[in-house]
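Open the model in your viewer and keep the selection tool at hand. The stops below say what to select and what is there.

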Amino acid sequence: MASVACIGECMVELRQAQGGQAGQGGGLYSRGLGGDTLNTAVYLARLEIKVDYLTALGDDALSDEMIAAWNAEGVGTRRVARLPGKLPGLYMIQTDAKGERQFFHWRDSAAARQLMNLPETDELLNSLMSYDIVYLSAITLSIYDAPGRERLFAAIKRARLLGTRFVFDTNFRARGWPDRDVAREVFATAFAAADIVLTSTEDLLALYPGESHEQLMARIPTPELVFRLAEPVSILRFPGGTHEVRAEPMTKPVVDTTAAGDSFAAAYIAARLAGAEPVEAAQAGHRLASLVICYPGAIIPGYAMPPKKRHRPATTRQATK
């Protein structure tokens, strides 16, 4: 059975409850869990891919809740380090009267930030060789210091020598990269090491403003590239050619775009592991993302997941230069 290691951070999420009002005195908030690579891990598990989540948590009750929730979804937790006295990170989503969201983070001392600097780190990194795919995002890389990132990249390179594939998602959040030059250097290292890159115009234009699609894609030497545009279209580049894949028209209203990219990544990876060609995998990614954005929150109810299905041929056309 194909296996995936997702590396990253899950945080406690405080989301403004329906009817809550921002302002003096606060308002009502509901508590949940959130994290980009964790979202992808959950959707991979629901798509019947064996997946482990690699992170660090504390020894507190909130961390216990996370472990229980991940196990309930079928996400493996054997690679989760537990650090005495530490806590997971926290973020709050505040929504104004117009529905615009603002994020506040408390994560500087979160347990996950220490994952590359623990006594058990070597054992954890050596385990990457046992997976078919290692998946992480730019958010993952942003929480480690420079030596930690070097340690992780070195382990990924060793694993690739034994056949493990590295999938890098460029999920870029400016708050995690105070120095854009450092971000560009780290992205270049990840691009050079990756087998598959999942990216978007939103992510790359934040680092390379004003560049064309062609210029942005030329920065990424990886053999397999999925480049999502602002519209629901992906440009794929792989050894068999370059193709454009369009999502099917939406038939339901968009409720919440949270985890659209995370679910796309899960469906794409699952399809590729099942033997689908990149074009079919991208269509699977668009289908799941189009469903996810019709529900509030990052993780849709289990009953809302699409039925297990074959990968039908995608509608494609040769991308124009």
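Which elements do the buried residues of α6 pack against? This is a predicted model, and in it those residues pack against α4 (138–142), α5 (146–161), β9 (165–169), β10 (196–200) and α7 (201–207).

**Helix α6**

Select residues 180–193, the 14 residues of helix α6. At 1.5 Å a residue they should span 20 Å, and the end C-alpha atoms are 20 Å apart, which agrees. Now colour A183, V186, F187, A190, F191 and A193, the buried residues of α6. Looking down the axis of α6, you find these buried residues within an arc of 165°, so they line one face of the helix. An α-helix has 3.6 residues a turn, so residues three or four places apart point the same way. E185 and A192 are exposed on the other side of α6. At the start of the helix, select D179: one of its side-chain oxygens comes to within 2.9 Å of the backbone nitrogen of D181.

**Two cores**

Next, select V4, L44, W70 and Y135. In the largest nonpolar core, which has 52 residues, these four touch the most other members. A second, separate core has 49 residues, including A138, I143, F172 and F187. Then centre on W70: with neighbours within four places in sequence left aside, its contacts are C10, L33, L38, Y53, T55, L57, V75, T77 and V80. In soluble globular proteins, nonpolar side chains tend to be buried together.

**Salt bridges**

How many salt bridges are there? The count comes to twelve. Start with R78 and D52, whose side chains meet in a salt bridge at 2.8 Å, N to O. R78 lies in the loop between α2 (61–73) and β5 (80–83), while D52 is in strand β4 (residues 50–58), 26 residues apart.

Move on to E231, E244 and R246, which are linked in a network of salt bridges. Between E231 and R246 the closest N and O atoms are 3.5 Å apart. E231 sits in the loop between β11 (224–228) and β12 (233–238), and R246 in strand β13 (residues 241–246). The side chains of E244 and R246 meet at 3.3 Å, N to O. E244 is buried, with a relative accessible area of 11%, while R246 is partly exposed at 37%.

**Last stop**

Finish at Q114, in the loop between β7 (101–106) and α3 (121–126). Q114 touches L83 and K86, not counting residues up to four places away in sequence.

Methods. Residues are numbered from 1 along each chain as its sequence is written. This is a predicted model: local features need pLDDT of at least 70, side-chain atom pairs count only at pLDDT 80 or more; totals for chains, interfaces and linings use all residues. Side-chain values use heavy atoms; hydrogens and water are left out. Helices (H or I, at least four residues) and strands (E, at least two) are DSSP runs, numbered from the N terminus. Contact means heavy atoms within 4.5 Å. The expected span of a helix is 1.5 Å times one less than its number of residues. Buried means under 20% relative accessible area, exposed over 50%, partly exposed in between (1.4 Å probe, protein chains only). The arc is that of the directions from the helix axis to the C-beta atoms. A polar contact is a pair of N or O atoms within 3.5 Å; within protein, one must be able to donate a hydrogen and the other to accept it, and residues adjacent in sequence count only if both atoms are side-chain atoms. A nonpolar core is a set of buried Ala, Val, Leu, Ile, Met, Phe, Trp, Tyr and Cys residues joined through side-chain atoms within 4.5 Å. A salt bridge is a side-chain nitrogen of Lys or Arg within 4 Å of a carboxyl oxygen of Asp or Glu.
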